[in-house]
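Open the model in your viewer and keep the sequence beside it. The tour goes from the overall fold to single side chains.

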Amino acid sequence: MPHAPTRAFNSLVTHGWNRLARVYNVPLVQRVAYRPPQDEIIGQLRQGDIRRIADVGCGTGILASRIQQDLQPEVIYGCDASVGMLRQAKTRSGEVNWLNRRAEDLGLPDGAVDAVVSTHAFHFFDHPAALAEFHRILSPGGLLAIVLINPRHRFAQLLQPTPIQNVAYFPSPDAMRLLVEEAGFRVTEQRAVRRPLPAPFVPDVLTVARRA
């Protein structure tokens with residue numbers, strides 16, 4: 001299998017998250033920034049009664065551990081490129097299968113899972129390569145659920161010049177939909193994450209799709 005591509009400066013980003021792993025776990029940061037999208041993901045999984053799941057870009061494992069505790073799936077993988085993040089994750093749960101892998105090369109068999117989820121990590125991935133990998137490891141009709149800041153203002157893309165895009169890229173909702181569809185998925189839902197804060201403060205969007 002050819003080497004899967006990755007976004008430029010990916011190793012720099014990974015080393016940065018190695019250092020930020022402890023800050024990421026601060027309860028206030030989790031409650032305000034990350035809990036609402038995690039609630040959305042768990043709702044999608046519960047609704048579909050999905051039993052084999054991969055959380056890609058799992059960070060310190062809060063969502064993967066919640067999925068294990070709340071849904072008791074047949075198998076849950078927590079995948080992240082950062083060793084520092086996974087070191088924290090492994091102290092959180094011994095029942096999750098933690099994988100130190102990039103999103104573009106997860107190392108799982110074809111059709112290994114029935115759902116791939118990702119919250120606030122997709123912007124660091126090589127989008128086409130990661131989506132192709134998600135499509136490969138999903139079973140037919142499998143669920144894809146991604147939460148990402150998808151700037152909706154028409155001028156937002158001007159704030160992402162090429163040097164920024166080499167580190168992380170935040171597509172608009174329409175661009176996100178197109179990326180997902182071009183990877184062989186059928187988008188079933190796309191909407192703002194439900195939060196106690198006004199959407200402009202955290203303009204993240206939930207995109208839900210099925211493997212065609």
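How many helices and strands are there in the protein? Colour by secondary structure and count: there are seven helices and seven strands. Bear in mind that this is a predicted model. Now trace the chain from its start. The order of elements along the sequence is α-α-β-α-β-α-β-β-α-β-α-α-β-β. Switch to a surface view next. Of the 212 residues, 51% count as buried.

**Stop 1: helix α5**

Select residues 127–137. This is helix α5, and eight of its 11 residues are buried, so the rest of the structure largely encloses it. Which residues of α5 are buried? Show side chains for His 127, Ala 129, Ala 130, Leu 131, Glu 133, Phe 134, His 135 and Ile 137. Note that His 127, Glu 133 and His 135 are in that buried set.

The buried residues of α5 pack against strands β1 (52–56), β4 (113–119), β5 (138–149), β6 (185–192) and β7 (204–211), and against helix α7 (173–182).

Zoom to the start of the helix. What does a side-chain oxygen of Asp 126 reach there? The backbone nitrogen of Ala 129 lies within 3.1 Å of that oxygen.

**Stop 2: the phenylalanine cluster**

Select Phe 122, Phe 125 and Phe 134, which ring pairs link into a cluster. The count of aromatic pairs comes to two. Take Phe 122 and Phe 125 to begin with: their ring centres are 5.9 Å apart and their planes stand at 80°, so this pair is edge-to-face. Both Phe 122 and Phe 125 are buried. Then move to Phe 125 and Phe 134. Here the centres are 6.5 Å apart and the planes stand at 85°, so this pair is edge-to-face too. Phe 134, like Phe 125, is buried. Phe 134 also takes you back to α5, where it is one of the buried residues.

**Stop 3**

Keep α5 on screen and select β4 and β5. What kind of unit do β4, α5 and β5 make? Together they form a right-handed β-α-β unit. β4 and β5 run parallel, joined by six bridges. To see a bridge, pick Ser 118; its partner in β5 is Ile 146.

Is β5 mostly covered or open? Nine of its 12 residues are buried, so read it as mostly covered. β5 and β7 pair in the antiparallel sense, over seven bridges. Look along this pairing for Ile 149, which stands opposite Asp 204 in β7.

**Stop 4: two cysteines**

Finish with Cys 58 and Cys 79. How many disulfides does the structure hold? The count is zero. Cys 58 is in no disulfide, and its nearest cysteine sulfur, that of Cys 79, is 6.5 Å away. Check the surface view once more. Cys 58 is buried, with a relative accessible area of 4%. Cys 79 is buried as well, at 1%.

Key
Residues are numbered from 1 along each chain as its sequence is written. This is a predicted model: local features need pLDDT of at least 70, side-chain atom pairs count only at pLDDT 80 or more; totals for chains, interfaces and linings use all residues. Side-chain values use heavy atoms; hydrogens and water are left out. Buried means under 20% relative accessible area, exposed over 50%, partly exposed in between (1.4 Å probe, protein chains only). Helices (H or I, at least four residues) and strands (E, at least two) are DSSP runs, numbered from the N terminus. Contact means heavy atoms within 4.5 Å. A polar contact is a pair of N or O atoms within 3.5 Å; within protein, one must be able to donate a hydrogen and the other to accept it, and residues adjacent in sequence count only if both atoms are side-chain atoms. Rings of Phe, Tyr and Trp (its six-membered ring) pair if their centres lie within 6.5 Å; planes under 30 degrees apart count as stacked, over 60 as edge-to-face and the rest as tilted. A disulfide is a pair of cysteine sulfur atoms within 2.5 Å. Two strands pair if DSSP finds at least two bridges between them. A crossover is right-handed if, with the strands pointing away from the viewer, the path from the first strand over the helix to the second runs clockwise.
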